[in-house]
Amino acid sequence: MEQVFKKPEALCDVNLHYCPGCTHGIVHRLVAEVLDELEIEGKAIGVAPVGCSVFAYDYWKCDMQQAAHGRAPAVATGIKRVLPDKVVFTYQGDGDLASIGTAETVHAAMRGENITIIFINNAIYGMTGGQMAPTTLPGQVTQTSPYGRDPKTQGYPIRMSEMLSKTDGAAYIERVSVDCVKNVVAAKKAIKKAFQTQLDGKGFSMVEVLSTCPTNWGKSPVEALEWLRENMIPYYPLGVYTDKTGE
């Protein structure tokens, strides 16, 4: 019988530490599939900072580098400049990339660094207990916004894809989701294009992935997917925000 589905070679055969229903695992697989299909596992270097993805080095077979909280784009920049023949990517959550790491992310995009960022947006701080994040939606309840985020006192969420798409150095920015099969397929296509953008030397690329956090949202895995569709996608529309690759 022909085998039509198997574990990607670039994905380690270990159990993930993520909570039940968390969609980090889906994105990990997509990244591994892209590493396999582009045949770049042996030349890829991933950078993971502090957050739920802190143990990412356990899950991909490519070389991995740990970075301080929010500093992954700066570390990736250093690696890419020293080893320009390598494929360098970061894997970051919203609390990391859009809060403590905002400056590193914006300036890497402004400089047009030839790196790729996989940005997981679940609208909350996951690992540290469910505090309000820069991407938390208006009215969303978290540990530090128990009455719901109030834009009058806590500001509005940061739309990273929209903001970075305005930088001159950004070559490819797309927002995707992994809430259903159709969107998972589209997410993989976007991730593959982001890596190809780097391989072609076009400059900075980022894929923002709308993801779930059932534990800190206080929902079942199914309820979390429904909440993402009903609340996150309307506020963070899916689509390509900039594409200067000419393809």
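**Close-up 1. Tryptophan 60 is a buried residue in this predicted model.** Its relative accessible area is 2%, and buried means under 20%, so tryptophan 60 counts as buried. Tyrosine 91 has a relative accessible area of 0%, so tyrosine 91 is buried too.

**Close-up 2. Here the rings of tryptophan 60 and tyrosine 91 form a pair.** To describe two aromatic rings, we give the distance of their centres and the angle of their planes. The centres of these two rings are 5.3 Å apart and the planes meet at 70°, so the pair is edge-to-face. Tryptophan 60 sits in the loop between β1 and β2, while tyrosine 91 belongs to strand β3, 31 residues apart, so you are seeing distant parts of the chain linked. Ring pairs also join Trp60, Phe89, Tyr91 and Phe195 into a cluster. In the whole structure, a search finds 7 aromatic pairs.

**Close-up 3. Tyrosine 235 and tyrosine 236 make another ring pair.** With centres 5.3 Å apart and planes at 75°, these rings are edge-to-face as well. Both tyrosines are buried. Look for arginine 159 too: it lies over the face of tyrosine 235, at 3.9 Å from the ring centre.

**Close-up 4. Welcome to the largest nonpolar core, with 30 residues.** Among the residues with the most contacts inside this core are Val27, Trp60, Ile118 and Phe195. Several elements each supply at least two residues, including α1, β4 and α7. The biggest giver is α1, with 6 residues. Apart from this core lies another, of 20 residues, including Leu97 and Met160.

**Close-up 5. Isoleucine 118 and some of its contacts.** Leaving aside neighbours within four places in sequence, isoleucine 118 touches residues including Val31, Tyr91, Ile191 and Val207.

Key. Residues numbered from 1 in each chain as written. Predicted model: local features only at pLDDT ≥ 70, side-chain atom pairs only at ≥ 80, totals over all residues. Heavy atoms only, no water. Core = buried A, V, L, I, M, F, W, Y, C linked by side-chain atoms within 4.5 Å. Buried < 20%, exposed > 50% of the residue type's maximum accessible area, 1.4 Å probe, protein only. Helix = DSSP H or I, 4+ residues; strand = E, 2+ residues; numbered from the N terminus. Contact = heavy atoms within 4.5 Å. Phe/Tyr/Trp six-rings, centres within 6.5 Å; stacked < 30°, edge-to-face > 60°. Lys NZ or Arg CZ within 6 Å of the ring centre and 35° of its normal.
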